[in-house]
Amino acid sequence: MSVFDFSDKVALVTGGASGIGRACIEAFAAGGAKVVVADLNEAQGEALVAQLQADGVQAKFVAADVAAHEDVAAMVQSTLSQFGALHFAVNNAGVEGVRSAIAETDLDDWHRVININLNGVFYCMREEVPAILQSGGGAIVNMSSIMGSVSTPGISPYVAAKHAVLGLTKTAAQEYSAQGVRVNAVCPGFIETPLVLKHLTEEMRAQALAMHPIGHLGKAEEVADTVTFLCSQQASFVTGSAYSVDGGYLTI
Ligand code: NAI
């Protein structure tokens, strides 16, 4: 059960097969929504959908690369064909890229991270906004990061993309809120997901902990709770905002 009621609503989450995206899918489903898991990882996405369906949730998997505009257009069309509407979209798919200082950054890696983490969010909103409008309104949440406000060495395309996602979010909020599409961003601190855990040595974990005044790293479910709040009726006057879910990281 969820504190939010998403009965008769349709929610789409990119990068929905793992980590934060998966937790968002589960949180929407707990509120009664029909859910669309969009991801590059077909095996993990199909497995999640099979598990949700076994629990009685109306769920669909769509294989999509958010960096390919044609995949994104097909993803939204497929959502409309399956469930007849789209109310909530979480543009969450993202990658970190190869760690290197700017002068050593491989151009292909720069373009890959920008294409997924920034262009992907733009492609998604470009297709989702008309679908949400034709469904009677709803909300979009874009996944930024603490790296949307501050920086750290070695991940320049990631930092640039996450800053830009906040700009895109504000622009979309100005353009579409009056028509019934609220657009917000969420900025997580270190969250224990495969993206982070695969790089995290014990030394890095200790350093990361010191940057989170709350004294622990975050859980995907804690980000999903904010995402579903932002999509809920309880957030009816919230648009164009960037919500930190970071255990106090940005206070340091
Ligand atoms: P994750 O690696 O657990 O999940 C990411 C999902 O996105 C995977 O299922 C992957 O297959 C999918 N994906 C990757 N590239 C894709 C593409 N081109 N098209 C479609 N799907 C694609 O990562 P996590 O941690 O759940 O991250 C989700 C989002 O949250 C990302 O945008 C990340 O930058 C952001 N974030 C994560 C933080 C963390 O500490 N885990 C902190 C701040 C932001």
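Predicted model: local features only at pLDDT ≥ 70, side-chain atom pairs only at ≥ 80, totals over all residues.
Helices are DSSP runs of H or I with at least four residues, numbered from the N terminus.

At least two lining residues come from each of α1, α4 (107–134), α5, α6 and α7 (202–210). Sorted by class, the lining holds 25 nonpolar, 15 polar and seven charged residues.

This largest pocket is where the ligand sits. Two or more residues of the shell around the ligand are contributed by each of α1 (19–30), α5 (156–176) and α6 (194–197). Among the elements, α6 gives the most, with three residues. The shell counts 28 residues, and those that come nearest to the ligand are Ser18, Asp39, Asn92, Tyr158 and Thr193.

Tyr158 places a polar side-chain atom 2.6 Å from an oxygen atom of the ligand. The backbone takes part as well: a polar backbone atom of Ile20 is 2.8 Å from a ligand oxygen atom, and a polar backbone atom of Leu40 is 3.4 Å from a ligand nitrogen atom. On its own the ligand would expose 830 Å², and the protein buries 93% of that area.

Key. Residues numbered from 1 in each chain as written. Heavy atoms only, no water. Near = heavy atom within 4 Å. Polar contact = N/O pair within 3.5 Å; in protein donor to acceptor, adjacent residues only side chain to side chain. Areas by Shrake-Rupley, 256 points an atom, 1.4 Å probe, with all protein chains shown as cover. 1 Å grid on protein atoms, 1.4 Å probe; cavity = no way out; pocket = protein on both sides within 12 Å on 5 of 7 lines; lining within 4 Å. Sits in = over half its atoms within 2 Å of the grid points. Nonpolar A, V, L, I, M, F, W, Y, C, P; charged D, E, K, R; others polar.
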